[in-house]
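Please look at the sequence and the model shown here.

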Amino acid sequence: MPRVLVVEDDPAISSMLTLALRFLDYTVIEAATGREALHAARRSPDVILLDVGLPDFDGFEVCRRLRAAGIRVPVLFLTAKNSVEDKVHALTLGGDDYVTKPFDLNEVAARIRALLRRCGEPRAESARSLRVGWVVLDLDTLEVTRHGRPVRLSATELALLRYLLDNAGRVVPRAAILKSVWNHDSQSESGVVETCIYSLRRKLGDIDQSLIRTVRGAGYLVRESPPEDLGL
C-alpha cells in the first residue's frame with residue numbers, strides 16, 4: 001500500500017485526513033511539527049501532505065530542507081493561504097501541488113493519485129530501500145552503501161543492520177535483537193550483540209555513534225536522521 005506522510009498540527013484535520021486515507025487503503029504516517037516531519041520523511045513515504053502553518057518552522061522550510069537533502073518525495077501543500085505569491089513560492093521550493101483550506105477530501109485523494117501516477121516508477125524503486133543518514137540498504141539486492149560507496153557486511157551484520165533500520169527512531173532492547181537476529185532468548189549471550197554492533201559501526205564509519213546510539217541500560221537507537229542531514 002502507498003505510504004502517505006500527513007504533516008498537520010491541527011488534531012481534527014489530521015484525524016480526518018488519516019481516517020479518510022486509511023479507508024482508501026493508504027498507510028499513514030503522522031507528524032505534527034516540522035521537526036517530526038523531517039524525521040518521518042526518512043521512513044520512505046510515497047507522498048507528503050504538508051501543512052504550511054506548523055508550530056516550529058513552516059512547511060515551506062520543511063520542503064526546502066527535504067529537497068536540499070536530496071529527498072524527492074512528492075509534496076502536496078495544504079494551507080489556508082491562497083495568494084498567487086504563496087503558490088509560486090511553494091512550487092519554487094520543490095512542492096508538487098497545492099490545495100487550499102477548506103479542502104474537499106475527494107480532491108485531496110485525486111491529487112494524491114495523480115502524484116503517485118506521475119512519480120510511481122521512481123518511488124517504487126526507493127520504497128525498496130531503507131535509508132538512514134548516509135547509509136542505504138537496497139532490499140532487492142541486499143547491497144549496503146555508505147556515502148554512495150559499497151560496504152561489505154557479513155550475513156549476520158546485514159541482518160542486524162536490517163533490523164535496526166526497520167526500527168529506526170525507537171530504542172531496541174538487546175533481548176529483542178538477540179531474538180530477531182540470532183534467535184536466542186538468553187540475556188547471557190548479549191555480548192554477541194555488542195561485538196556485532198561494534199563491527200557494524202566500524203564498517204559504517206559510525207565510531208562516534210551519530211548513527212547507532214547506545215542507550216545505557218535499554219539497548220540501541222538508530223537515529224532516523226543524523227542532524228547534519230536536515231539541519232536539525
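Helix α1 (residues 11-23) lies across β1, β2, β3 and β4 (75-79) and runs at about 165 degrees to β2. Helices (H or I, at least four residues) and strands (E, at least two) are DSSP runs, numbered from the N terminus. Axes are lines fitted to C-alpha atoms, for helices over the stretch in contact, and angles run from 0 to 180 degrees between N-to-C directions. Contact means heavy atoms within 4.5 Å. The model is predicted: local features need pLDDT of at least 70 and side-chain atom pairs count only at pLDDT 80 or more, while totals for chains, interfaces and linings use all residues. Residues are numbered from 1 along each chain as its sequence is written, and side-chain values use heavy atoms, with hydrogens and water left out.

The strands under discussion belong to an open sheet of five strands with parallel pairing, in the order β2-β1-β3-β4-β5. Two strands pair if DSSP finds at least two bridges between them. At the edges are β2 (27-31) and β5 (97-100), each of which pairs on one side only. On average, neighbouring strands of this sheet are turned by 20 degrees against each other, direction ignored. Strand β1 (residues 3-7) pairs with strand β3 (residues 47-51) in the parallel sense over four bridges, and Val6 stands opposite Leu49 in β3.

Another open sheet has three strands in the order β10-β12-β11, with antiparallel pairing. Its edge strands are β10 (171-172) and β11. Helix α8 (residues 191-204) packs on this sheet and touches β11 and β12, its direction making about 150 degrees with that of β11. Strands β11 (residues 212-215) and β12 (residues 219-222) pair over four bridges in the antiparallel sense. Ile212 has Val222 in β12 as its bridge partner, and Arg213 stands opposite Leu221. The two strands form a hairpin with three residues between them, and Gly217 in the turn has a positive phi of about 80 degrees.
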